[in-house]
Amino acid sequence: MRRTVQIAVLTLLVIPISAVVATSQAAADPRKRPQTETAAMARRMLAQLKVARPLSIRGYSHKRFQPRWAHHKGTCDAREVVLARDGRNVRRNAACHPVKGVWYSPYDGKRLKSEKHVDVDHVVPLAYAWRSGASRWSQARRRAFANDLTRPELITVSHSVNMAKGGKGPQSWRPPRRSHWCRYAISWITVKHHYRLFVTRKEKVALLNMLRTCGD
């Protein structure tokens, strides 16, 4: 009887801890929550963001954020971790580089069977982040932003669609697949809110328009 009571008490203690961990992870990565729920959350976060004119691109360099991908797991850098996370049947060599796998690009719906055709996209482009307030950050904070595996900032997409996107914001570029607009807007807002980056007026309007597709 005493052992039964002890097990019951331990079960009650474990469940809340697990729930807290799951909630924390879901809040950081909106891909793990229902779109209708995260869309409402995204609207609230967007309302909290400062609206301002974009800063100058002067002084920007990719190296100011990312002289190279940061290592996260042994020999694996952030790019390699994302490719393994987003791909199927991914095989890596001794240096952790993917040599085989299948990747899906949610921006354009392409299925890619070669790592050569895949890019790891920064949802909020580095140049765009620079003009949204990151130019005022420390080098360490910019590096953390460029290698963030917790927020939905890094995603596997096709090389061609990544080149088309470049450093554009949602007011001038949207994923070709309209069905991904909701998730794209939620991810964009989640990243900007976490890093306290401001939005422009046109950017905010574009994000609100994309959020209207949630639940379509």
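Begin by selecting Tyr107: beyond its neighbours within four places in sequence, Tyr107 is in contact with Asp121, Val123, Ile155, Val157, Val161, Lys165, Trp173, Pro175, Pro176, Arg177, His180 and Tyr184, contact meaning heavy atoms within 4.5 Å. The model is predicted, so local features need pLDDT of at least 70 and side-chain atom pairs count only at pLDDT 80 or more, while totals for chains, interfaces and linings use all residues. Residues are numbered from 1 along each chain as its sequence is written, and side-chain values use heavy atoms, with hydrogens and water left out.

**The core.** Tyr107 is buried, at a relative accessible area of 1% (buried is under 20%, exposed over 50%, partly exposed in between, with a 1.4 Å probe and protein chains only). Next, select Phe65 and Phe145, which together with Tyr107 have the most contacts inside the largest nonpolar core, a set of 36 residues. Such a core comprises buried Ala, Val, Leu, Ile, Met, Phe, Trp, Tyr and Cys residues joined through side-chain atoms within 4.5 Å. Helix α7 (residues 181-195) gives the most to this core, with nine residues. Helices (H or I, at least four residues) and strands (E, at least two) are DSSP runs, numbered from the N terminus. Apart from this core lies another, of nine residues, including Trp69 and Trp103.

**Aromatic pairs.** The structure holds 12 aromatic pairs; rings of Phe, Tyr and Trp (its six-membered ring) pair if their centres lie within 6.5 Å, with planes under 30 degrees apart counted as stacked, over 60 as edge-to-face and the rest as tilted. Display Tyr60 and Phe65: their ring centres are 6.1 Å apart and their planes at 55°, so the pair is tilted. Tyr60 is partly exposed at 26% relative accessibility, whereas Phe65 is buried at 0%.

**Charges over rings.** Select Arg141, which lies over the face of Trp137 at 4.9 Å from the ring centre. The criterion is NZ of Lys or CZ of Arg within 6 Å of the ring centre and within 35 degrees of the ring normal. The charged end of Arg174 sits over the ring of Trp181, 5.0 Å from its centre.

**Helix α8.** Finish at residues 201-211, where Glu203, Ala206, Leu207, Met210 and Leu211 are buried. They cover an arc of only 140° around the axis, which puts them on the same side of α8; the arc is that of the directions from the helix axis to the C-beta atoms. On the other side, Arg201 and Lys202 are exposed.
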